Amino acid sequence: MLGLGNTVSSGSTLEALYSITFDGTNDHLYLGDNLDLGTDNFTISLWAKFADATHGGAAGYFIGKNQNADNRIRLFLASDGKVQAQIEGNDNVVISSKGATALTALQNTWVHVCFTCERDGDVKLFVNGSTSTYGFSTSSNHQSQNLDNTAPLIIGAVSVDGNFFNGKIDEVSIW
């Protein structure tokens, strides 16, 4: 993210120039209502670096599009330090799963998180290229559910009101 000037701080010049630092209190990147996944396959990929995997006992969101409890797309570090994905459409849970192990051992390092949802029911969460230990591989319910919603897409929080990420996020891709 070039051009952020003194709003980004890091011990590394490249980190400061090419990643976004979130302070865990109110920082987020608001992208508006511009992502509707419909019934298509999709992947969310990003790099993250954090000092505390448990965010002090609160969830820290990598990305969220949270219209309400029945219509949401959320990828986050749960309060127990495990990566979790929750995808729901029209009160139907497409996926709500989390990795088996907390990311505590990966604190202060760059971690690659990649969530794939094939609408035939195959869902995977890769952490540093693996679905074991920190990630998961499972089947989804309601895989044909339409996931369009009117909430804004937000990086670094679930909504403008809370669950802010504390750390750095870089190279977010959704396709």
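**Entry 1: overall layout**

I read the elements from the N terminus on and got α-β-β-β-β-β-β-β-β-β-β-β-β. The radius of gyration came out at 15 Å, close to the 16 Å that the globule rule gives for 175 residues, so the protein is as compact as a globular protein of that length. I note here that the model is predicted. The count is 1 helix and 12 strands.

I then took the box along the principal axes. The C-alpha atoms fill roughly 45 × 35 × 25 Å. Of the 175 residues, 47% are buried. I also looked at contacts between residues at least 6 apart in sequence. Among these, 62% join residues at least 24 apart.

**Entry 2: surface and charge**

The protein exposes about 7,900 Å². Carbon and sulfur atoms supply 47% of that area. I counted charged side chains next. There are 9 positive and 18 negative ones. The centres of the two sets lie 6 Å apart.

**Entry 3: the open sheet**

In what order do the 6 strands of the open sheet run? I traced S2-S11-S4-S5-S6-S7, with antiparallel pairing. Strand S2 (29-30) and strand S7 (92-98) stand at the edges. Each has a single partner strand, so one side of each is left without a neighbour in the sheet.

Ile 87 has Ile 95 in S7 as its bridge partner.

I stayed with strand S6, residues 83-89, and picked Gln 86 in it. Is Gln 86 buried or exposed? Its relative accessible area is 11%, and the cut-off for buried is under 20%, so Gln 86 counts as buried. I listed its contacts, not counting residues up to four places away in sequence. Gln 86 touches Arg 72, Ile 73, Arg 74, Phe 76, Ile 95 and Ser 96. Ile 95 is also the bridge partner of Ile 87.

I moved on to the loop between S6 and S7, where Asp 91 lies. Its phi is positive, about 70 degrees, although Asp 91 is not a glycine. Asp 91 counts as exposed, at 52% relative accessibility.

Next I turned to strand S3, residues 42-49. Of its 8 residues, 7 are buried, so S3 is largely enclosed by the rest of the structure.

Which strands does S3 bridge to? Strand S8, residues 111-117, is joined to S3 by 7 bridges, and the two run antiparallel.

Glu 171 has a positive phi, near 50 degrees, in a residue other than glycine. At 52% relative accessibility, Glu 171 counts as exposed.

**Entry 4: Ala 58**

I went to the loop between S3 and strand S4 (60-68) and found Ala 58 there. Its relative accessible area is 36%, so Ala 58 is partly exposed. Which residues does Ala 58 touch, not counting residues up to four places away in sequence? I found Leu 77 and Ser 79. I took the C-alpha to C-alpha distance for Ser 79 as well. Ala 58 and Ser 79 are 21 residues apart in sequence and 4.6 Å apart in space.

**Entry 5: Val 127**

My last stop was strand S9, residues 122-127, which holds Val 127. The relative accessible area of Val 127 is 3%, so I logged Val 127 as buried. I set aside its neighbours within four places in sequence and listed the rest. Val 127 is in contact with Val 83, Leu 103, Leu 106, Val 111, His 112, Tyr 134 and Gly 135. Val 127 and Gly 38 are 89 residues apart in sequence and 25 Å apart in space, C-alpha to C-alpha.

Definitions and conventions: Residues numbered from 1 in each chain as written. Predicted model: local features only at pLDDT ≥ 70, side-chain atom pairs only at ≥ 80, totals over all residues. Heavy atoms only, no water. Helix = DSSP H or I, 4+ residues; strand = E, 2+ residues; numbered from the N terminus. Buried < 20%, exposed > 50% of the residue type's maximum accessible area, 1.4 Å probe, protein only. Contact = heavy atoms within 4.5 Å. Rg over C-alpha atoms; globule rule 2.2 N^0.38 Å. Areas by Shrake-Rupley, 256 points an atom, 1.4 Å probe, with all protein chains shown as cover. Lys, Arg positive; Asp, Glu negative; His and termini not counted. Charge placed at Lys NZ, Arg CZ, Asp CG, Glu CD. Pairing = 2+ DSSP bridges.
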